[in-house]
Amino acid sequence: DAAWRVTRLAFAYTNHTLLPEAFAKWSVPLFGRLLPRHLEIIYEINRRFLDEVRAQFPGDDARVARMSLIDESGERSVRMAHLATVGSHHVNGVARLHSDLLKQTVMHDFAELWPEKFCNVTNGVTPRRFVAVSNPPLTQLITSRIGDGWLRDLGQLRKLEPLADDAEFQQQWRDVKLAAKRGLAALIEQRTGIQVNPESLFDIQAKRLHEYKRQHLNVLHILTLYLRLKRDPQADVPARTFIFGAKAAPGYLLAKLIIKLINAVAGVVNHDPAVRDRLKVVFFPDYNVKNAQHVYPAADLSEQISTAGKEASGTGNMKFAMNGALTIGTLDGANVEIREEVGAENFFLFGLTAEQVQELKSRGYRPQDYYEQQAPLRAVLDFIASGGLSGGDTNLFRPLVENLTWHDPFLVLADYQAYVACQDQVSELWHDPQAWTRKSILNAARMGKFSSDRSIRDYCQQVWNVTPVSVKGGATEP
């Protein structure tokens with residue numbers, strides 16, 4: 001009893017995703033062979049816990065089965081997320097929407113049993129690493145105008161707001177961004193041999209490669225622009241460089257096929273004389289934090305286009321915006337809060353909300369309908385299916401096309417039209433450098449909430465129940 005009491009007072013559980021991998025289940029026979037004593041303890045924890053559930057909800061056997069640490073459906077397995085919840089004094093998600101969905105969906109029963117146990121701590125990132133180290137010229141520019149206190153108190157960036165309409169400051173801001181883009185362009189050429197125009201719009205999606213993050217939606221837009229220019233070379237399509245960066249996907253077949261698709265698009269677009277000065281596509285190799293430090297400062301547009309309700313928070317969205325990128329995104333993860341902070345007018349919003357996603361799925365989502373009804377979408381998918389990106393091989397990308405047209409679990413086709421229309425708004429704004437720069441400055445200036453310093457303070461106050469201590473001869477800030 002004493003040990004279990006100490007355990008529950010000591011541990012807290014931060015959930016980082018609503019996807020199945022966060023809710024790992026381990027086979028009871030396997031668990032028993034490898035960790036027999038641990039399994040005995042889990043059984044005892046479960047016995048005590050289910051007694052608590054029965055006392056709170058008498059006669060509700062279905063609830064008991066749902067909440068049990070042991071899943072009895074099919075092969076018996078240990079539900080690790082349930083164990084983490086039962087053994088913790090607090091459970092939190094990492095963005096307000098994510099925490100709400102956690103309570104409404106996968107942890108609904110637990111939130112009813114222990115509402116006081118659930119809270120939210122929105123993620124943050126450190127401006128010391130992702131601005132000061134990554135982007136010294138921007139750091140110097142900001143510090144020259146408002147001092148260096150913002151590196152310890154990111155809320156001080158608000159002092160930049162009055163400068164958003166200052167012509168001299170705008171020009172300095174553009175100069176810093178262009179220098180970062182030239183640096184990334186040089187690195188791209190060194191690593192890939194691809195020459196890109198630093199004066200073009202740098203449209204960047206850098207994150208783990210997963211269907212729900214929808215890199216393939218980005219690709220559909222690239223091909224939409226490509227086919228648009230092939231039909232009408234005079235079409236109003238400003239020069240864009242599309243840059244992808246992603247961690248490896250070694251055991252994820254469809255993710256690897258999306259990587260292949262991106263590189264196939266690059267192979268066609270980058271070598272087509274009709275568009276190669278207007279569109280370029282780059283898959284930046286070996287994406288990691290060190291390489292990311294060249295990517296974030298150079299971004300004009302940050303792609304945060306996950307299916308609403310699937311991204312827990314995201315942190316790349318914060319790193320891009322701190323460096324002055326504008327965001328195109330759905331109301332997902334921390335995008336919701338970023339948009340609130342920077343202002344709806346400074347954020348390119350598109351797509352279904354989490355509630356609309358659930359409603360569409362409950363009605364019976366038919367991606368084939370979107371394929372049949374939207375001519376630009378049909379043209380793009382037919383082009384992929386025809387072998388136009390694969391030397392006439394109609395089988396290479398067939399699994400991806402069929403997945404989208406017949407299953408589309410992450411509603412790529414449902415959001416395609418809204419995404420393309422929103423991207424047209426991006427192109428329109430890019431034609432006005434002063435308006436674009438104003439929004440870029442305001443994005444960076446209003447990112448104070450997303451410092452890891454604030455996240456850590458929230459954990460201290462809401463979860464860990466600790467307070468800052470003074471260090472002799474040092475700072476007393478938390």
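**Group meeting: a walk through a predicted model**

Let's start with a sheet. Three strands form an open sheet, ordered β2-β4-β3, and their pairing is antiparallel. The edge strands are β2, residues 25–27, and β3, residues 70–71. Each of these edge strands pairs on one side only. Keep in mind that this is a predicted model.

Look at one pairing in that sheet. Strand β4 covers residues 77–79, and it pairs with β3 in the antiparallel sense over two bridges. Which residue stands opposite serine 77 of β4? That is aspartate 71.

Now jump along the chain to another strand. Strand β10 runs over residues 301–304, and serine 302 is found in it. Is serine 302 buried or exposed? Its relative accessibility is 0%, so serine 302 counts as buried. What does serine 302 touch, leaving out residues up to four places away in sequence? The list is Ile204, Asn317, Phe320, Ala325, Leu326, Thr327 and Ile328.

Next, the nonpolar cores. In soluble globular proteins, nonpolar side chains tend to be buried together. The largest nonpolar core here has 66 residues. Which of them touch the most other members? They are Leu220, Val265, Val281, Phe348, Ile384, Leu389 and Trp436. There is also a second, separate core of 52 residues, and among them are Ile142, Ala164, Leu184 and Val342.

Zoom in on valine 265. Leaving out residues up to four places away in sequence, valine 265 touches Val219, Ile222, Leu223, Asn270, Val281 and Leu389. Two of those names, Val281 and Leu389, also stand on the list of residues that touch the most other core members.

On to the aromatic rings. How many aromatic pairs does a search of the whole structure find? It finds twelve. Take tyrosine 226 and phenylalanine 383. Their ring centres are 6.2 Å apart and their planes meet at 40 degrees, so this pair is tilted. Tyrosine 226 lies in helix α11, residues 215–231, while phenylalanine 383 lies in helix α18, residues 375–385. So the pair ties together parts that are 157 residues apart in sequence. Tyrosine 226 and phenylalanine 383 are both buried.

Here is another pair: tyrosine 459 and tryptophan 464. This one is stacked, with 5.1 Å centre to centre and 15 degrees between the planes. Tyrosine 459 has 13% relative accessibility, so it counts as buried. Tryptophan 464 has a relative accessible area of 44%, so it is partly exposed. Note the cut-off: buried means under 20%. There is an aromatic cluster too, formed by Phe49, Phe110 and Trp114.

Arginine 63 lies over the face of phenylalanine 57, 3.9 Å from the ring centre. Lysine 181 lies over the face of phenylalanine 202, at 5.0 Å from the ring centre.

Last stop: the backbone. Most residues other than glycine have a negative phi. Now look at the loop between α19, residues 398–407, and α20, residues 412–430. Aspartate 408 lies in that loop. Its phi is positive, about 45 degrees, although aspartate 408 is not a glycine. Leucine 411 is in the loop between α19 and α20 as well. Its phi is positive too, near 55 degrees. Are these residues buried or exposed? Aspartate 408 is buried, with a relative accessible area of 1%. Leucine 411 is also buried, and its relative accessible area is 1%.

Definitions and conventions: Residues numbered from 1 in each chain as written. Predicted model: local features only at pLDDT ≥ 70, side-chain atom pairs only at ≥ 80, totals over all residues. Heavy atoms only, no water. Pairing = 2+ DSSP bridges. Helix = DSSP H or I, 4+ residues; strand = E, 2+ residues; numbered from the N terminus. Buried < 20%, exposed > 50% of the residue type's maximum accessible area, 1.4 Å probe, protein only. Contact = heavy atoms within 4.5 Å. Core = buried A, V, L, I, M, F, W, Y, C linked by side-chain atoms within 4.5 Å. Phe/Tyr/Trp six-rings, centres within 6.5 Å; stacked < 30°, edge-to-face > 60°. Lys NZ or Arg CZ within 6 Å of the ring centre and 35° of its normal.
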